[in-house]
Amino acid sequence: MATTTDSLAHPPAREAARRAPSAVPPHGGRLVDRAAPADRLADEIARAASLPTLRLDARALSDLHLVAVGGFSPLEGFLGRADYESVVRSMRLASGVFFPMPITLGAPREWVRGLGGAREIALADEAGEPAGLLELDEAFEPDRVAEAREVYRTLDEAHPGVAPLLAKRGELALGGRVTLLRAPRPRFPEHHRDPAALRALFAERGWRRVVAFQTRNPVHRAHEYLLRSALETVDGLVIHPIVGETKGDDVPAGVRVRCYEVLLERYFPRGRALLSVYPAAMRYAGPREALLHAVARQNYGFSHFIVGRDHAGVGDYYGTYDAQRIFDELAPGDLAITPIFFEHSFYCRGCGGVASLKTCPHEASERLQLSGTRVRELLTRGQGLPEEFTRPEVAAVLGEAYRARGAS
């Protein structure tokens, strides 16, 4: 079921997904497909060589891919001015359809001026290889300050999402439909499935109620508690981690993926749980990004989505449960996916296992709670992690990774 770099021409999995019944429709009612058909791909790539070319960074390339394969349905391209301003202000496209975060493509002002009257441009990866085409409808100046204030809830340039956003002040944004010519090479091909392929896999397995677990961190006992609790109520569980661009001190994607692999291999039923990666970049936008993650997971075919504490947050920019409360602001019908909210969980010595604030009667002194900073400190010192915090196999993966980092 893995999607390879060159499999863009409606493979069997994609067609099966379009025919198969699903418990959850794509957001907006249709799974967008903006990949160039196989019979036109060579001609389109050749034509791209004659067009003005804009090189995309890793985040923009990830956005291009997710738009084209339907991960950001109903978007068919990068937002124009009317949609951009509406999304920033009200979390809705100009048409009124719910969409929580602006997906835009920036370009240097001088480069745009040099386009003349060009109505189509080629999009390339950082190496200059063709990645897609953009039907250029408009170039406009986005209000990055308003975007930071409304979407990220802060203008603090120490915020890892706000810093790159405000660094683009002075750039223009290009709006228009895209065509994908070549997808980025999957980082984890054995776990990579585009929305159509994952929907087809759910249909093949007979899963109609499927829960997604979003994570950018190594899995620990508290996560496992959430996963098992959710799995009791659905047909299938998918650990669906972010593997696109993250901030420098996050645990590398390869290490995290190995942690998920060992957990699923040894502690979950193979017929009811799997790992499939989500190639998006993290924006660290807290509540608004939690909603974007829900939209994307609906497009991937999930019926349920776990939203934990401080989902997509960073530092103390957002309240502990703001990412859950924002779902209360949605109107009926805005989303078809069902969020599952969990309280903060932890290992409790008094309970003799993992519990949450809803289930544990004991004092805080009985609870083992390790921050990400503390976990990194223990690993850096080679002290290992307590078994109550994470499975020994996961701790071994993390310990080996940190030892290798220290030796390099």
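1. Helix H14, which spans residues 392-407, contains alanine 395, and in this predicted model alanine 395 is buried, its relative accessible area being 14%, a value that falls under the 20% cut-off for a buried residue. Once neighbours within four places in sequence are set aside, alanine 395 is in contact with Leu385 and Thr390. Valine 314 lies 81 residues from alanine 395 along the chain, and the C-alpha atoms of the two are separated by 23 Å.

2. Turning to the strands, E4 (residues 120-124) pairs with E5 (residues 130-135) in the antiparallel sense, and five bridges are found between them. These two strands form a hairpin with five residues between them, and in the turn glycine 128 has a positive phi of about 90 degrees.

3. Strand E5 is also joined, by three bridges and again antiparallel, to strand E7 (residues 172-180).

4. Helix H3 (residues 58-68) is largely enclosed by the rest of the structure, because ten of its eleven residues are buried; among them are Arg59, Asp63 and His65, along with Leu61, Leu64 and Leu66. The buried residues of H3 pack against strand E2 (77-78), helix H7 (162-166) and the strands E4, E5 and E7, and so the paired strands described above, E4 with E5 and E5 with E7, all belong to the surroundings of this enclosed helix. After H3 comes glycine 70, which has a positive phi near 100 degrees.

Key: Residues are numbered from 1 along each chain as its sequence is written. This is a predicted model: local features need pLDDT of at least 70, side-chain atom pairs count only at pLDDT 80 or more; totals for chains, interfaces and linings use all residues. Side-chain values use heavy atoms; hydrogens and water are left out. Helices (H or I, at least four residues) and strands (E, at least two) are DSSP runs, numbered from the N terminus. Buried means under 20% relative accessible area, exposed over 50%, partly exposed in between (1.4 Å probe, protein chains only). Contact means heavy atoms within 4.5 Å. Two strands pair if DSSP finds at least two bridges between them.
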